[in-house]
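Keep the structure open beside you and try each task before you read its solution.

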Amino acid sequence: QVQLVESGGGWVQAGGSLRRSCAASGSIYRLNAMGWYRQAPGKQRELVATITSGGSTRYVDSVQGRCTISRDNAKNTVYLQMNSLKPEDTAVYYCNIVYSRSSYVYDLWGQGTQVTVSS
(Lines give C-alpha, C1' and ligand atoms only; values in the text may rest on other atoms or scores of the structure.)
Protein backbone atom coordinates (compact mmCIF):
# COMPACT_ATOMS: atom_id res chain seq x y z
CA GLN A 1 0.00 0.00 0.00
CA VAL A 2 1.39 3.38 -1.04
CA GLN A 3 0.22 6.51 0.71
CA LEU A 4 0.66 10.22 0.18
CA VAL A 5 0.62 12.71 3.02
CA GLU A 6 0.24 16.34 2.07
CA SER A 7 0.96 19.31 4.28
CA GLY A 8 1.38 23.04 4.12
CA GLY A 9 -1.88 24.36 2.74
CA GLY A 10 -3.98 27.08 4.29
CA TRP A 11 -4.81 30.73 4.08
CA VAL A 12 -2.52 33.52 3.00
CA GLN A 13 -2.84 37.13 1.94
CA ALA A 14 -2.10 38.14 -1.64
CA GLY A 15 1.60 38.55 -2.14
CA GLY A 16 2.39 35.99 0.51
CA SER A 17 4.05 32.61 0.29
CA LEU A 18 3.24 29.00 1.08
CA ARG A 19 5.27 25.82 0.95
CA ARG A 20 3.52 22.57 0.24
CA SER A 21 5.00 19.15 0.78
CA CYS A 22 3.87 15.66 -0.15
CA ALA A 23 5.54 12.55 1.22
CA ALA A 24 5.09 9.12 -0.31
CA SER A 25 5.47 5.97 1.75
CA GLY A 26 4.98 2.27 1.16
CA SER A 27 6.08 -0.27 -1.42
CA ILE A 28 7.64 1.91 -4.08
CA TYR A 29 10.31 0.39 -6.28
CA ARG A 30 10.90 3.50 -8.32
CA LEU A 31 9.40 6.94 -7.94
CA ASN A 32 9.04 8.53 -11.35
CA ALA A 33 7.32 11.85 -11.94
CA MET A 34 5.91 13.88 -9.08
CA GLY A 35 3.70 16.88 -9.40
CA TRP A 36 1.12 19.29 -8.16
CA TYR A 37 -2.29 19.98 -9.64
CA ARG A 38 -5.06 22.29 -8.57
CA GLN A 39 -8.78 22.64 -9.00
CA ALA A 40 -10.62 25.89 -8.45
CA PRO A 41 -14.40 25.99 -7.94
CA GLY A 42 -16.20 25.45 -11.22
CA LYS A 43 -13.00 24.69 -13.11
CA GLN A 44 -11.22 21.59 -14.28
CA ARG A 45 -8.20 20.24 -12.50
CA GLU A 46 -5.05 21.68 -14.01
CA LEU A 47 -1.38 20.93 -13.78
CA VAL A 48 0.61 23.39 -11.67
CA ALA A 49 4.08 21.87 -11.83
CA THR A 50 5.79 18.54 -12.36
CA ILE A 51 9.28 17.22 -11.78
CA THR A 52 10.79 14.08 -13.26
CA SER A 53 13.06 11.63 -11.50
CA GLY A 54 15.95 13.37 -13.20
CA GLY A 55 14.90 16.78 -11.93
CA SER A 56 13.40 18.27 -15.08
CA THR A 57 10.56 20.63 -14.26
CA ARG A 58 7.52 22.00 -16.00
CA TYR A 59 5.13 24.73 -14.91
CA VAL A 60 1.81 26.08 -16.02
CA ASP A 61 2.29 29.56 -17.47
CA SER A 62 0.26 31.25 -14.75
CA VAL A 63 2.72 30.23 -11.99
CA GLN A 64 5.96 30.42 -13.97
CA GLY A 65 8.43 32.53 -12.04
CA ARG A 66 6.36 32.45 -8.86
CA CYS A 67 6.51 28.76 -7.95
CA THR A 68 9.30 26.27 -7.59
CA ILE A 69 8.86 22.51 -7.50
CA SER A 70 11.56 20.34 -5.99
CA ARG A 71 11.97 16.82 -4.67
CA ASP A 72 13.99 14.92 -2.12
CA ASN A 73 14.42 11.43 -3.49
CA ALA A 74 15.83 10.11 -0.21
CA LYS A 75 12.59 11.10 1.51
CA ASN A 76 10.24 10.38 -1.42
CA THR A 77 8.94 13.89 -0.97
CA VAL A 78 7.97 16.62 -3.39
CA TYR A 79 7.71 20.28 -2.49
CA LEU A 80 6.01 23.28 -4.01
CA GLN A 81 7.18 26.71 -2.97
CA MET A 82 4.61 29.31 -3.95
CA ASN A 83 5.50 32.99 -3.81
CA SER A 84 3.72 36.20 -4.76
CA LEU A 85 0.42 34.41 -4.41
CA LYS A 86 -2.65 35.85 -6.09
CA PRO A 87 -6.34 35.39 -5.34
CA GLU A 88 -6.63 33.40 -8.57
CA ASP A 89 -4.28 30.83 -7.05
CA THR A 90 -7.07 29.87 -4.68
CA ALA A 91 -7.88 26.20 -5.25
CA VAL A 92 -7.61 22.73 -3.83
CA TYR A 93 -4.10 21.55 -4.52
CA TYR A 94 -3.39 17.88 -5.14
CA CYS A 95 -0.15 15.99 -5.08
CA ASN A 96 0.37 13.34 -7.75
CA ILE A 97 3.04 10.69 -8.15
CA VAL A 98 3.82 8.10 -10.78
CA TYR A 99 5.69 5.12 -9.40
CA SER A 100 6.75 1.65 -10.42
CA ARG A 101 6.36 -1.58 -8.50
CA SER A 102 7.08 -5.03 -9.94
CA SER A 103 6.33 -4.66 -13.65
CA TYR A 104 3.60 -2.08 -13.27
CA VAL A 105 3.35 1.69 -13.24
CA TYR A 106 0.91 3.37 -10.90
CA ASP A 107 -0.59 6.82 -10.64
CA LEU A 108 -1.58 8.05 -7.17
CA TRP A 109 -3.29 11.22 -5.96
CA GLY A 110 -3.12 12.88 -2.58
CA GLN A 111 -6.23 13.87 -0.69
CA GLY A 112 -5.96 17.52 -1.67
CA THR A 113 -5.57 20.58 0.50
CA GLN A 114 -7.28 23.93 0.23
CA VAL A 115 -5.14 26.98 -0.47
CA THR A 116 -6.97 30.28 -0.10
CA VAL A 117 -5.41 33.57 -1.12
CA SER A 118 -7.26 36.66 0.05
CA SER A 119 -6.98 40.04 -1.61
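A salt bridge is a side-chain nitrogen of Lys or Arg within 4 Å of a carboxyl oxygen of Asp or Glu. The model you see is predicted, so local features need pLDDT of at least 70 and side-chain atom pairs count only at pLDDT 80 or more, while totals for chains, interfaces and linings use all residues. Residues are numbered from 1 along each chain as its sequence is written, and side-chain values use heavy atoms, leaving out hydrogens and water.

**Exercise 1.** Work out which residues join Arg-38 and Glu-46 in one network.

*Step 1.* Look at Arg-66 and Asp-89: their side chains form a salt bridge (2.8 Å, N to O).

*Step 2.* Check the burial: Arg-66 is buried at 11%, and Asp-89 is buried at 2%.

*Step 3.* Through shared partners, salt bridges link Arg-38, Glu-46, Arg-66 and Asp-89 into one network.

**Exercise 2.** Find the partner of Glu-6 in a salt bridge and the distance between their closest N and O atoms.

*Step 1.* The partner is Arg-20, and the closest N and O atoms are 3.1 Å apart.

*Step 2.* Both ends are buried: Glu-6 has 7% relative accessibility, and Arg-20 has 0%.

Notes:
Buried < 20%, exposed > 50% of the residue type's maximum accessible area, 1.4 Å probe, protein only.
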